[in-house]
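Look over the sequence and the model before reading the points.

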Amino acid sequence: MRTATYFFIFLNLSLAVFEEPAVYPLPFLATSLVEVLCLLVFFGRLTHFAKITRRNVFWKDTKNICIMVAILLSLADLAIYGTLRIYNIKSIRWSRIARPIFLINFAESRQIRRAFRSIRNTLPEITYVFLLFMFSLLMFSLMALKLFGERNLQTAEGLPYFRNYLEIVFDLYVLVTTANSPDVMMPAFDFSSWYALFFIAFVIVNTYIFMSLFLAVVYNNYKKHLKVMRGGVNCD
């Protein structure tokens, strides 16, 4: 039963690869039939679980309610999308975001729920580090605007260089990943090699210090919450 449940959950999630907009598009009829089959299996599994569980216990379990609501929403969305498609009216499948609910809320997915709860409980505790990182990013962006905004520098494509604050924030955010290094600093470096110190300082503070700190906080808190759940607290 567990293997069959996981198979149809995987099949349901995999439909996103074949539904419009798709990597490998398939006819709507084929994907809709597969989705209906998956929803019938999920409903049958939920019905089977209801037969072996006391009614008051079954309806008090939020996991069962989430699964039932996700099934109804998916069927309603499928019917609406199919009707609009008949009349050549473009729409989107908004119920796709509900599909991971099946992965998390079935009784067989206890380990996945533990990991999900650990992530959820970790998020508030890493907020402070994230806010400090964002403050650093915004301050460096403001410094970059003051340093380069009035020098009429241009990029290699002839575009204005570091004159719009929001664009500076985005470029420096990308620089945290080093994806645009060293291209992002070359106009300033060509103007004066001393400006490279600004970008070196930014990378040291935000890439090497803040990202390491961020990773350490996430890892330690996730491990702490996972140990608590394995010890028997909120394990289901």
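N88, with a positive phi near 60°, follows helix 4; helices here are DSSP runs of H or I, at least four residues, numbered from the N terminus. The model is predicted, so local features need pLDDT of at least 70 and side-chain atom pairs count only at pLDDT 80 or more, while totals for chains, interfaces and linings use all residues. Residues are numbered from 1 along each chain as its sequence is written, and side-chain values use heavy atoms, with hydrogens and water left out.

**Helix 4**
- Helix 4 covers residues 62–86, and its 25 residues should span 36 Å at 1.5 Å a residue, which agrees with end C-alpha atoms 36 Å apart; the expected span is 1.5 Å times one less than the number of residues.
- Its buried residues (under 20% relative accessible area, 1.4 Å probe, protein chains only) include I67, A70, I71, S74 and L78.
- The buried residues of helix 4 pack against helix 2 (28–51), helix 3 (55–60), helix 5 (100–105) and helix 6 (110–148).

**N64**
- N64 belongs to helix 4 and is buried, because its relative accessible area is 5%.
- Beyond its neighbours within four places in sequence, N64 is in contact with L46, F49 and F58, where contact means heavy atoms within 4.5 Å.

**Record annotation**
- An unreviewed UniProt entry gives "transmembrane region" at several spans, among them 65–84 and 126–145; such annotations may be inferred rather than shown by experiment.
- Residues 65–84 are 100% helix, with end C-alpha atoms 28 Å apart.
- Residues 126–145 are 100% helix, with end C-alpha atoms 29 Å apart.

Conventions. Helix = DSSP H or I, 4+ residues; strand = E, 2+ residues; numbered from the N terminus. Buried < 20%, exposed > 50% of the residue type's maximum accessible area, 1.4 Å probe, protein only.
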